[in-house]
Amino acid sequence: MAEFALDLNDDQKAVREWIHGFAADVMRPAAAEWDEREETPWPIIQEAAKIGLYSLDFYAQQYFDPTGLSIPMVMEELFWGDAGIGLSIVGTALAAVGVLANGTEEQIGTWIPQMYGDANDVKVAAFCSSEPDAGSDVSAMRTRAVYDEAKDEWVLNGTKTWATNGGIANVHVVVAVVDPELGSRGHASFVIPPNTPGLSQGQKFKKHGIRASHTAEVVLEDVRVPGHCLLGGKDKLDERLARARERAKEAKKGGERSEMGVPPAGGRGRVKNAAMATFEASRPAVGAQAVGIARAAYEVALDYAKTRVQFGRPIIDNQGIAFQLADMRTRIDAARLLVWRASWMAAAGRPFEGAEGSMSKLFAGETAKSVTAQAMQILGGNGFTREYPVERMHRDAAIYSIFEGTSEIQRLVIARTVSGVHVR
Ligand SMILES: Cc1cc2nc3c(=O)[nH]c(=O)nc-3n(C[C@H](O)[C@H](O)[C@H](O)COP(=O)(O)OP(=O)(O)OC[C@H]3O[C@@H](n4cnc5c(N)ncnc54)[C@H](O)[C@@H]3O)c2cc1C
């Protein structure tokens with residue numbers, strides 16, 4: 001595997017420049033409009049598809065890059081452009097990672113292309129794990145999948161919430177309970193093919209930020225899918241459940257529950273749940289999105305501080321402003337380093353034994369929130385208006401301490417990992 005290095009190779013630099021151009025020329029000019037409209041920016045996704053930026057081939061190339069730096073680099077540039085539109089473009093990838101993490105080669109080959117569609121007919125996909133009563137506490141999940149052996153079909157019932165692209169997706173990946181006795185270890189992931197009867201969109205949420213990204217409930221009423229829609233296949237599931245049952249007694253002794261992506265203390269070698277595998281893989285990439293938002297806001301604030309004159313001098317002449325900018329830049333660079341380390345580890349097949357994935361997401365998410373708040377302050381009254389982009393960036397940044405595991409849950413992962421104590 002590639003050694004950890006901070007230099008991007010020539011191919012990566014060319015890709016970065018290409019995405020930066022798309023972010024600057026296509027995404028930024030459209031950002032305010034789609035934020036106000038609170039709708040999926042289909043024309044922009046289509047433009048991204050036309051140039052090959054929204055395509056399975058492009059993401060596969062980046063995903064399998066041995067240096068691990070391509071995905072965070074792509075995410076940072078796109079989210080530097082705009083977070084709401086960025087999430088509309090990359091939201092499909094969370095579902096794709098759900099299939100990659102849990103599916104067979106055949107399932108990967110069948111379903112991921114259908115998630116993207118093609119340039120003339122773009123599609124999106126949704127990953128549905130969260131439920132009204134099961135957010136951080138994944139083990140409280142209620143959506144049930146029951147096997148109908150006679151027909152070799154699975155029957156799913158339940159309500160998912162907060163699903164990015166939920167209800168508008170061509171393909172939904174749904175995590176459901178197959179053995180309620182086993183808590184989160186009794187979960188499995190299913191692909192729900194396009195136009196499957198019984199799946200419908202519930203409430204669409206009106207949000208504080210990332211408003212161009214569609215977020216909605218997904219209702220499953222007697223949704224029947226063929227046996228081959230169980231990701232990983234029935235044999236693998238049966239083996240996993242048998243192992244989990246053996247370990248259930250041990251878990252009961254410690255009274256463990258599984259919060260979103262939180263391994264029990266000393267979690268290595270334990271049986272993982274389906275959602276956990278997806279979130280572990282995606283955390284550094286989500287951290288990179290936060291770095292992109294933070295960098296965008298920092299750049300606006302830096303330019304503004306150099307040109308805004310008060311008391312006869314640019315405001316950056318004051319240490320009170322310049323030191324803030326110094327701290328903002330330092331935090332952004334530190335966040336990127338944590339993200340790149342975690343991303344390289346994932347690409348190199350190294351497990352996050354020190355909770356490196358969670359560290360990267362926690363620090364980058366909190367950095368995006370604090371840096372965008374500082375940027376608003378540096379812009380004064382202008383920062384508070386929609387004439388300037390930093391208030392939107394600040395609203396967008398707020399989600400980075402909430403989704404893909406809240407900041408508290410990331411701290412729980414880190415605390416348990418570094419202490420070996422089952423911290424609650
Ligand atoms: C815009 C958006 C998009 C999303 N996209 C998706 C998606 O595509 N697919 C999907 O499955 N989900 C998605 N989610 C769901 C998201 O992952 C959850 O909102 C998140 O996991 C938190 O769950 P919750 O909202 O139920 O909060 P809760 O779990 O109810 O948490 C409430 C508060 O309590 C804290 N808390 C909870 N447990 C503990 C603990 N043990 N220790 C300390 N503090 C704790 C939390 O940190 C939080 O501050 C999305 C959410 C949003 C808002």
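How much space lies in the largest cavity?

Modeller: Happy to take you there! Please keep in mind that this is a predicted model. The largest cavity holds about 50 Å³ of space. A search through the whole structure turns up three cavities of 30 Å³ or more.

Phe-79, Trp-80, Gly-81, Asp-82 and Ala-83 are among the residues that line the largest cavity. Ile-293 and Ala-296 belong to the lining too, as do Arg-392, Met-393 and Asp-396. Helix 4 (70–81), helix 8 (274–307) and helix 12 (390–397) are the elements that each give two or more residues to this lining.

Now step back to the domains. The protein chain is assigned domain 1 (10–123), domain 2 (126–245) and domain 3 (274–419). Domain 1 and domain 3 each supply at least three residues to the lining of the largest cavity. The centres of these two domains, taken over C-alpha atoms, are 20 Å apart. In the contact between them, 28 residues come from domain 1 and 28 residues from domain 3.

In an unreviewed entry, it lists residues 10–115 as "domain: Acyl-CoA dehydrogenase/oxidase N-terminal". That span is 83% helix and 0% strand, and its end C-alpha atoms lie 30 Å apart. UniProt also lists residues 126–223, again in an unreviewed entry, as "domain: Acyl-CoA oxidase/dehydrogenase middle". Here the chain is 0% helix and 49% strand, with 16 Å between the end C-alpha atoms.

Finally, a word on confidence. The average pLDDT of the protein chain is 93, and 93% of the residues score at least 70. Over residues 265–271, however, the pLDDT is below 50. Beyond near neighbours in sequence, that stretch has 17 contacts in the model.

Conventions:
Residues numbered from 1 in each chain as written. Predicted model: local features only at pLDDT ≥ 70, side-chain atom pairs only at ≥ 80, totals over all residues. Heavy atoms only, no water. 1 Å grid on protein atoms, 1.4 Å probe; cavity = no way out; pocket = protein on both sides within 12 Å on 5 of 7 lines; lining within 4 Å. Points joined across faces, edges and corners; volume = space filled by probe spheres on them. Helix = DSSP H or I, 4+ residues; strand = E, 2+ residues; numbered from the N terminus. Domains from an automatic or database assignment. UniProt positions renumbered as here; feature names shortened; annotations may be inferred. pLDDT = per-residue confidence, 0-100. Contact = heavy atoms within 4.5 Å.
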